[in-house]
Amino acid sequence: MLKRLPNLKVVQHPFKKRILHVQSPFQNSKSVPIQKVVNNAKLEPETELRRNVPYVIEDQNYRYKEGKIYHGFQCERIESIPDYGLMSCTLRHLGTGTEFWYLDRNDVHNVFSINFRTTPFDSTGLPHILEHITLCGSKNYPVRDPFFKMLNRSVATFMNAMTGPDYTLYPFSSMNEVDFRNLQKIYLDAVFRPNLLHLDFLQEGWRLEHEDLHNRDSDIVFKGVVYNEMIGALSDNARLFKHKMVNHILPSHTYGHIAAGDPLEIPKLTHKDLVEFHRKYYHPSNARIFCYGSFDLEKTLAFVDKEYLSHYEFIDNAYSYVSPHERWSEPRIVHVPTRLDCMGASIDRQNQIAIGLLTCDITDIQECFELKVLSELMIRGPNSAFYKSLIEPNFSGGYITGAGFTPNCKDTFFFVGLRDLRIDDFERFNDLYDQTVHKASQEGFESEHIESVLCNLELSLKHENEMFGKHLLYKTAIPWNHGGDVVSCLRDSNMLATLRGRLKENSNYFQQKIEKYFLDNTHKLTLTMSPDEMCEIKRKLSEAKLLLQKLNEISDEEYDNIYENGIKLEVAQKSPENIEVLPCLSINDVKDPIKCPQMEETTVQNVPTQFCKVSSNGITYFNCFFNITGLSQDDAMLVPLFCHVISEMGTSNHDFREFDRLRLTKMATFTCDTKVVENVLDGKSYRLGLIMTTHALDKNVSDMFELCEELMLNFKFENTSRLSMLIENYISKLSLKIGSSGHLFAMLNSSGLVTNAAKLKSQLAGVCHIDLMKEYVQQNSIEDIQDRLRNIGAMVFSKNNLRVAINSSAAHQATVLEHYERFLNKLPTLEKSIDNTELHLLEPSTRHFIMNKPLSYCAKSFSAVPYVHEDHPVLRVLAKFLTAKYLLPVVREQNGAYGAGARIGFDGLFSFYSYRDPHARNTIEVFDKTYEWLQSESYKLDQQALFEAKLGVLQLLDWPTGPGDIGMDNFVLGASYDIYSRYRSRVLNVTVDDVRAVIEKYFKEEPKHFGKCILGPEIEENETSEGVEITS
């Protein structure tokens, strides 16, 4: 897989985060006196160390020493990294030369990854397909696809594998040491001793197979998980553009190929090629091993050496080395045709153009850091050079996805471009690009702009999310892949200080960079892309031509084997396996819930306020929830647009450029979003909220509150040209996420056919919202839109409709409270909005959104029970069981979709979904036949399967949470720590009989209230299918 999808494998992005202590806002909670909050805040000094709080380890007495040998690994380098509160320990295996990098940090959330430099020499997708097949069984774990089967035998917070242009990574993370050791065994055996079976190659890579598997006379077609995946991936125009930028700016050596695979090249790959590639490129001498956290390093080193590396001898891995690309003597121009996006702009505007420039070597760490800063100065926000020249004239839909400095290959590059513009404007883009570069090289940048970018960079370095170790892995993996000094990658403060010093010594420093990399750089690519309405037809014709060629090349015996192999594969997919060879946690490993955080709820100036004491690394997090349930339907539909533009228009006292500069200097961006929240207690009502969040360094908290006050009280929408541009860009972005997150859009729409609350969610964030916004902008003048946005703002920002959550260190809480009270003093008190709206159920319906894409996204949802109902945890366990035992084997393995699953959310809706699915009609039928399968395969629901499903649920319930997100489930959703505790206890106590009972109760009969949705190409039967609403 190019990258295993975040929302397909729920181990990556759970339905919920950690649930915290405080009664539900839907309940009448007893407030804590404000003085108690202040007093308690003074009791705990900032310096107090807690078990799970990261801290700096002094290196003088560090337990590992340079030069010493630990279990076959020699310690080469020990360094303290104060920026991240960790010690870096670099080791090398004496026998194989394998590099091992350990980041020692007092963090229970541990990360492990095995990395290989995998340089493709064609576009058959060999590294990508190999990545899939290594996870299809190994010497010690001869089970079909142990990766997926371990999802429910583990509480991993992350399990993945991914292929890049010249690397393959196998990372995982866990907070449970037993689990961590189990996954180490699975992953190490998978990469070093995979079975690489031919049948797995046919399933995961590509194969010829009869369309009707059991009919020798049916048509023969191409099938395969990666084959279908890449058809879907390359149908996403934004993704295709990035692929083509890499291919054409670095056409020599490995980067001229698509490592993930081109569907028209994938059938050229043989199983023999794959086995040979593994022997060579997955040798330990070509591997790098990353380890982060607090678990015992020596246990890991001993296991890796004894079980694997000691069985290999060193080889020279120069064969995988990527040499610097030879620089061009003159610029080049490339044009790429692409498919028409039926959800995008009009066909005459669905064009893209970008200019790319090769920059420095990825191993030049300081230069990469400075180019990242230069990229921010050139591109990000209204004070940047390209934003002023390219975005503000409003002749496009905004920047191309991913524009900026791109350190993803041996040679880094910078690119800037526009999407959704007319071909006639290509020349205009080129002229503006040249003018901008020349102007920047002559005039440079305002000192205030430079300082604001550097200040914001400092803030981003201190902000931590729940996946901090994974963040460090991704930050360093590519430089390390090419022999870069990865420890230097983590010395952000040093790099920043070096840059500040150079800027102080040389006022023209950035101007000289622009001359070097922009003006005098002849390795320059102009890439254009335009829609071709015949694109999909041409793809199918090319596929048919390739199929005919493959059939002409095979013998009669090989032709007969097509049928036989199809049957063999089906038998293998359906045959029972002994998964007991896989390690699994026990009930004792997961019996303890997460600890209740330090959180208090009080009222400040009649505003319900939640204070949470966290180890925040010197940052205060501020969250506002404005209840806007009382807005009219028409106004509510515009709230997403309001959220998008509110902080981009400036205020009465600061124009948009000055406001952005002030904000960058003092705080993080304003994140503003809509949220429909069902009542978790009874599911009978819901409320609509506007959530605004931000954060700042503790020293800048006063400025943060002042800027929040300035925005909420003095917002303005007078600048019509800017508002028009922001609206154009907003609409242009709406359809971009469908390609990568189509299953989420499908579930939004299927859920929206079940309840009025879910329908509102779909209207605010689903496919329906795209058409709604296009239609609204066409039918209303910019002046009318201005008036509506002003009215919304005037109704939203009121103390009467506000709840607040503040996360900060205990020592700083009193100071935060002082500034917070001053902020509240300025907010107006307007008429209180209605608290909630009654939730009601809708009549069953099915909807198919016709899209010009080769693969589909399917979903089915039905109304089940509220979150606190005793059946909800049981249904959640059942959803995990169905995903593992039914949907993945049938929809993914047998029918070729990239992913599938089932879930039940806080809203009480049970949903099925599929992702990049070549057989939408069959998948909907699979969803409908769930009860039939549960009856015929009832023996599969045994005690072990039940326990594994419970682990899958506990994995989500106990999900790690970053300091800024602690308490958000309670604050936003009303799910208190008591609710969490009871829910978790119920999950642990679910029995097989409980699951069978909910199967009979909720699945035996077709639900009274359900919705089905398909996003994808036209299906012939749809035209006559009764009750299917077609939207094209």
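This report covers a sheet, a helix and some aromatic pairs in a predicted model.

## A six-stranded sheet

Six strands make up an open sheet with mixed pairing. Their order is β26-β27-β25-β28-β24-β29. From one strand to the next, the twist averages 10 degrees.

Strands β25 (residues 856-863) and β28 (residues 1010-1016) run antiparallel and are joined by six bridges. Y857 stands opposite L1015 of β28. Helix α30 (residues 920-928) lies across β25, β27 (909-917) and β28. The angle between α30 and β25 is about 25 degrees.

Helix α12 covers residues 426-443. At 1.5 Å a residue, its 18 residues should span 26 Å. The end C-alpha atoms are 26 Å apart, which agrees.

Which residues of α12 are buried? They are F426, F429, L432, Y433, T436, V437, A440 and S441. These residues cover an arc of only 160 degrees around the axis, so they sit on the same side of α12. The face turned away from that buried side carries the exposed residues E427, Q435, Q442 and E443.

What do the buried residues of α12 pack against? Their partners are β13 (351-361), α10 (365-379), α11 (385-391), β15 (411-421), α17 (509-519) and β16 (524-531). Just after α12, G444 has a positive phi of about 70 degrees.

## Aromatic pairs

The whole structure holds 58 aromatic pairs. One of them joins F192 and Y308, with ring centres 6.0 Å apart. Their planes meet at 35 degrees; stacked pairs need an angle under 30 degrees and edge-to-face pairs one over 60, so this pair is tilted. F192 belongs to helix α4 (residues 177-192). Y308 lies in the loop between α9 (297-307) and β12 (332-338). The pair therefore ties together parts that are 116 residues apart in sequence. F192 is buried at 4% relative accessible area, and Y308 is buried at 1%.

F912 and F927 form a stacked pair. The distance is 5.3 Å centre to centre, with 20 degrees between the planes. F912 lies in strand β27 and F927 in helix α30, 15 residues apart. F912 is buried, with a relative accessible area of 1%. F927 also counts as buried, at 1% relative accessibility.

Elsewhere, ring pairs link a cluster of F112, F147, F148, F172, F180, Y187 and F295.

How values were computed. Residues numbered from 1 in each chain as written. Predicted model: local features only at pLDDT ≥ 70, side-chain atom pairs only at ≥ 80, totals over all residues. Heavy atoms only, no water. Pairing = 2+ DSSP bridges. Helix = DSSP H or I, 4+ residues; strand = E, 2+ residues; numbered from the N terminus. Axes fitted to C-alpha atoms, helices over the stretch in contact; angles between N-to-C directions. Contact = heavy atoms within 4.5 Å. Expected span 1.5 Å × (residues − 1). Buried < 20%, exposed > 50% of the residue type's maximum accessible area, 1.4 Å probe, protein only. Arc of directions from axis to C-beta. Phe/Tyr/Trp six-rings, centres within 6.5 Å; stacked < 30°, edge-to-face > 60°.
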